[in-house]
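Work through the exercises below with the sequence and the model at hand. Each task is followed by a worked solution.

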Amino acid sequence: METDKGGYEDIYIFREELDFMMRVILDSPQMETGGNLFGYWTAEGDAVVVYVLGPGPKSVRRFTSFVQDADYLQRHVDLLSREHRLSHIGVWHSHHGLGLSHPSGGDVQSIHEGMYADGLSRCVLAIGVCVRQRASANAFSFVNLHHRVTMEQRPWLVVPGEGPVRARYDAAHGDSLIFPFTSVAVYGEMNARGAQQAPAAGQVTFERGFWLNDRANRLQLKQIVAYIQGRYADAKLLKVDDETIEVRFEVPGRASWRLVFGPDFPVRAPYVVRYQEGETSSWNLGALGRPGAPLWSPLSDGIAPSVINRLKDLSI
């Protein structure tokens, strides 16, 4: 079916969350402010913003720049993921000093670098302004296709009323959250239109012939994830793009790891990537076999045992 998306996905947001963003902007009419967007992606790739986070206590706000409080962000990334299964799907900040209602060149570069570094296929950026004591914000969709990131402005699709998370989350964690002083959102002009309801989070889908379409292979992957989660509780399974699956986890106090199943898996072995103290190292699991043994033979002992045994070889 033809749509007007032009290859870019729709961006939904609950009215209460858009109000929250406007109130934070109105709190800071002279200095830039900002925060983060939490929600989910639908099976069709649409973004649904369920919770908007504002600036933390150690955020840096200047006339032409904003830097989020990293500790504040990480705390709520973890809590929103664990308690409500929300993902960090984007960022937002205002441009009061610059007077721009669209991303600056530096904003675009930062989004590009972040998407490449984290292996993201899509991201949402919102840019706010405050003019004559009225706030507004425009939404921008970033898409990474074939290692090339492109951007397009998209209208907010505003779902009326409250989202499903705000009241419960704020009640549970109000002592660690910062709320805007401004009580009423006063809107300026923005690119937005109404939506009857937010789309549901769909099942993750794969292209025909992809190895995870086979139930037996999904069970094998489940065993691998269970092994890692048994050692590192914060392990997360992510679909990076249509052909790449990653398991991401942290070794406390040591390093961040990714177990990557690329487009040519299981013909080729997966690989692991370690990020430690600013350095990146990677290992192909097929190269860890015993001397004289096949480098990668998942069919002989199963995908899960093959991967788990090689992770053990690396002491992971």
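This is a predicted model: local features need pLDDT of at least 70, side-chain atom pairs count only at pLDDT 80 or more; totals for chains, interfaces and linings use all residues.

Residues are numbered from 1 along each chain as its sequence is written, and side-chain values use heavy atoms, with hydrogens and water left out.

**Exercise 1.** Find how many residues of strand 2 are buried, and find which strands are joined to strand 2 by bridges.

Solution. 
- Step 1: Helices (H or I, at least four residues) and strands (E, at least two) are DSSP runs, numbered from the N terminus. Strand 2 covers residues 34-41.
- Step 2: Buried means under 20% relative accessible area, exposed over 50%, and partly exposed in between (1.4 Å probe, protein chains only).
- Step 3: Two strands pair if DSSP finds at least two bridges between them. Strand 2 has 6 bridges to strand 6 (residues 87-94), and the two run antiparallel. Gly-39 has Ser-87 of strand 6 as its bridge partner.
- Step 4: Another 6 bridges link strand 2 with strand 3 (residues 47-53), again antiparallel. Here Tyr-40 is partnered by Val-48.

**Exercise 2.** Locate Arg-85 and Arg-132, and state whether each is buried or exposed.

Solution. 
- Step 1: Most residues other than glycine have a negative phi.
- Step 2: Arg-85 has a positive phi near 60°. Arg-85 sits in the loop between helix 2 (70-84) and strand 6, and is exposed at 63% relative accessible area.
- Step 3: Arg-132 has a positive phi of about 55°. Arg-132 lies in the loop between strand 7 (122-131) and strand 8 (134-145), and is exposed at 76%.
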